[in-house]
Amino acid sequence: MKMWNHKIIYAIFSLGILFSCETTELDLAENPNQLPPGEASPDFYLNKVQEDFARLFDEESDEGLAIVASAVIRLSWMDTRQYLQAYSPSGFDIEWRTAYSSMLTDIYAMYPLAEEAELKKHVAMGKVFEAFTIVTLVDFFGEIPYSEALQGAENFNPAPDPGASVYQAALTLLDEAIILFQDEDYLADPEFDMYYNGNWENWEKLANSLKIKIYIQQRLVDDSAIDNINQIVSTGMYITDISEDFQFRWGRNIVNPDTRHPKYIDNYKSTGAESYMSNWLMNYMQSGKVGNAYSTFEKPDPRIRFYFYRQNPTTPGNGAPTNQQELTCSVEPAPQHYVDGGYTFCNLPNGYWGRDHGDDDGIPPDGNKRTTWGVYPAGGRFDDNTFEAVTISQGGGGAGITPIFLSSTVDFLLAEISYISGNTTEAKDHMLSGIAKSFTKVRSFGELDSSADLSLAGPESDDTAYMNEVGQLYDDATGNEKLNIIAKEFWVTLFGNGIDAYNFYRRTGAPLDLQPNLEPNPGGFIRSFLYPAAYANNNSNISQKPNVTTRVFWDNNPEEGFPIAN
């Protein structure tokens with residue numbers, strides 16, 4: 001059965017959201033796909049699109065595009081030594097169907113209803129979601145069906161469009177959305193706006209910020225990209241403050257429906273945490289040392305207690321005896337390429353219990369000991385040295401966020417532009433601005449865990465000291481070491497959604513000193529993912545890629561030997 005002429009129906013709840021400064025309630029709403037013909041309204045469609053969009057990025061059980069991107073660039077753990085085998089085509093079927101059979105189908109069904117009813121803001125939001133979705137699919141898979149897609153019986157086998165043309169279509173959609181956001185002559189607002197609560201200026205800023213994202217992603221193949229970015233920046237109409245962050249807020253409800261953050265659902269339960277955290281990221285935030293060439297920080301990154309919750313104060317082989325059953329690598333020698341590069345291996349001090357990049361050892365019974373998601377962004381526990389096994393309803397109860405596109409992200413994108421334009425001082429200013437916004441945002445999540453001793457977060461003067469230290473390291477750095485510092489600090493702010501880090505890595509090759517795969521020869525880095533099986537197996541106009549080294553249209557970096565930290 002061709003997915004293009006048959007709408008996949010999911011029993012997924014649609015959400016209505018009641019916004020406040022601190023909490024969000026998600027209530028069950030009718031699924032427009034299950035209503036009798038003619039009864040579905042633009043609001044029903046838009047409500048479901050908004051939730052589906054969040055789930056496209058952040059699914060349970062380590063699915064979702066954001067967590068996959070995080071894994072390949074060491075913001076979370078990748079469990080395979082060979083890049084070609086890391087993610088199977090069928091592993092992306094859920095995301096592909098969410099994008100095409102659910103989201104885009106619902107958006108296209110909503111457009112004529114909303115246009116006829118003069119519901120211009122519904123249409124504008126739909127265009128933003130459509131643009132963001134198709135650009136993200138290009139970034140992951142390369143050429144995708146677009147101009148011929150979703151035509152039902154008229155075309156069972158839509159041909160893929162070049163990535164560049166999809167990008168141009170997205171820019172057009174965003175320009176059209178901006179006009180509609182500015183239009184004050186419309187019939188009614190959407191019933192629920194789960195992201196900005198009807199603040200159309202913020203939506204316009206988001207649309208412009210997405211244009212910045214698009215231009216910077218294609219800057220290697222578009223000579224006008226930087227001028228286009230500077231033109232947007234000159235207007236001031238883009239995301240500059242954390243109050244304008246584009247994010248989805250989850251709730252605390254456990255059943256009927258379960259509205260908690262997907263990562264909280266996976267990890268805060270009686271059987272213990274499911275996910276492993278990245279040794280590379282925890283090591284960097286704890287010490288700042290990565291490889292032989294870089295100095296350690298005076299103190300840990302103040303965000304580390306918000307990001308990670310330690311269930312145990314030690315790890316086998318580092319503060320506790322080696323234990324093959326609990327941590328196999330604790331009785332193994334470090335690979336020679338780890339020794340040569342001075343990379344952390346297997347275990348970290350102070351109970352930060354995670355895994356190395358590419359560690360494919362079996363899963364031991366360590367669910368109640370491994371370090372897990374903290375209060376940011378998953379709404380878990382703040383780490384106040386209690387060292388208790390996590391269980392249901394602890395900490396923030398899952399009322400965290402999926403960070404999709406943040407003001408700190410925009411700062412780092414502008415830092416990249418300044419750096420490649422030769423203005424390293426301006427690049428530093430943008431970097432420090434992004435770090436400061438991240439500190440402010442992350443600290444605000446401490447109040448979600450009412451039982452925590454937040455004094456262990458340290459005073460805000462620690463934030464200032466950290467930024468001063470990073471700034472000094474940047475000033476002292478020479479050559480590409482400055483870009484390396486920008487990249488690693490960018491990585492830390494992106495915790496919870498690694499898509500922009502994955503794109504940055506393919507554009508710049510930085511950080512240059514990421515922890516390598518445990519396998520000395522893991523194959524070429526994933527420059528794009530294999531097509532989902534639901535697409536490649538059912539469409540006669542597509543052939544599956546032979547490898548994951550196929551580059552997307554905007555990646556003109558060398559085919560081999562790039563990026564360096566494979």
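The structure described is a predicted model. In these terms, Asn-256 is placed in the loop between strand 5, which spans residues 246-249, and helix 9, which spans residues 262-267. The phi of Asn-256 is near 50 degrees, a positive value in a residue other than glycine, and the residue is exposed, with a relative accessible area of 72%. A further case is Leu-150, which is not a glycine but has a positive phi of about 60 degrees. Leu-150 is situated in the loop between strand 3 (144-145) and strand 4 (160-161), and with a relative accessible area of 23% it is partly exposed.

In the model, a cis peptide bond links Tyr-376 to Pro-377, with omega about -5 degrees; Pro-377 belongs to the loop between strand 9 (372-373) and strand 10 (401-405). A cis peptide bond also links Phe-562 to Pro-563, with omega about -10 degrees, and Pro-563 is found in the segment that comes after helix 18 (533-536).

Two helix pairs were examined in terms of their packing. Two packed helices are described by the angle between their axes and the distance between the axes. For helix 5 (residues 120-141) and helix 6 (residues 163-182), the axes come within 8 Å and the crossing angle is roughly 160 degrees. Because angles over 145 degrees count as roughly antiparallel, helix 5 is roughly antiparallel to helix 6. The crossing of helix 5 and helix 6 is left-handed, and the residues that form the contact between these helices divide into 16 nonpolar, two polar and six charged.

For helix 16 (residues 481-493) and helix 17 (residues 499-508), the axes come within 10 Å and cross at roughly 165 degrees, and this pair is therefore also roughly antiparallel. The crossing of helix 16 and helix 17 is left-handed. On the side of helix 16 the contact is made by Leu-483, Ala-487, Phe-490 and Trp-491, and on the side of helix 17 by Asp-500, Ala-501, Phe-504, Tyr-505 and Thr-508. By class, the residues of the contact of helix 16 with helix 17 are seven nonpolar, one polar and one charged.

Helix 17 is mostly covered, with ten of its ten residues buried. The buried residues of helix 17 include the charged side chains Asp-500, Arg-506 and Arg-507, and among the others are Ile-499, Tyr-502 and Asn-503. Helix 17 is followed by Gly-509, the phi of which is positive, near 80 degrees.

The largest nonpolar core of the model has 150 residues, and those with the most contacts inside it are Phe-129, Trp-203, Phe-246 and Trp-491. Helix 5 gives the most to this core, contributing 13 residues. A second, separate core has seven residues, including Leu-327, Phe-345, Trp-353 and Leu-518. Trp-491, one of the residues with the most contacts inside the largest core, is also among the residues of helix 16 that make the contact with helix 17. When neighbours within four places in sequence are left aside, Phe-246 is in contact with Phe-53, Phe-129, Phe-132, Tyr-195, Tyr-196, Trp-203, Leu-206, Pro-403, Ile-404, Phe-405 and Leu-406.

Not counting residues up to four places away in sequence, Met-110 touches Pro-42, Tyr-45, Leu-46, His-122, Val-123 and Gly-126. Between Met-110 and Ile-526 the separation is 416 residues in sequence and 36 Å in space, C-alpha to C-alpha. Glu-447 and Ile-239 are 208 residues apart in sequence, and their C-alpha atoms are 25 Å apart in space.

Conventions
Residues are numbered from 1 along each chain as its sequence is written. This is a predicted model: local features need pLDDT of at least 70, side-chain atom pairs count only at pLDDT 80 or more; totals for chains, interfaces and linings use all residues. Side-chain values use heavy atoms; hydrogens and water are left out. Axes are lines fitted to C-alpha atoms, for helices over the stretch in contact, and angles run from 0 to 180 degrees between N-to-C directions. Helices (H or I, at least four residues) and strands (E, at least two) are DSSP runs, numbered from the N terminus. Angles under 35 degrees count as roughly parallel, over 145 as roughly antiparallel, 65 to 115 as roughly perpendicular and the rest as oblique. A crossing is left-handed if the near helix is turned anticlockwise from the far one by less than a right angle, and right-handed if clockwise. Contact means heavy atoms within 4.5 Å. Buried means under 20% relative accessible area, exposed over 50%, partly exposed in between (1.4 Å probe, protein chains only). A nonpolar core is a set of buried Ala, Val, Leu, Ile, Met, Phe, Trp, Tyr and Cys residues joined through side-chain atoms within 4.5 Å.
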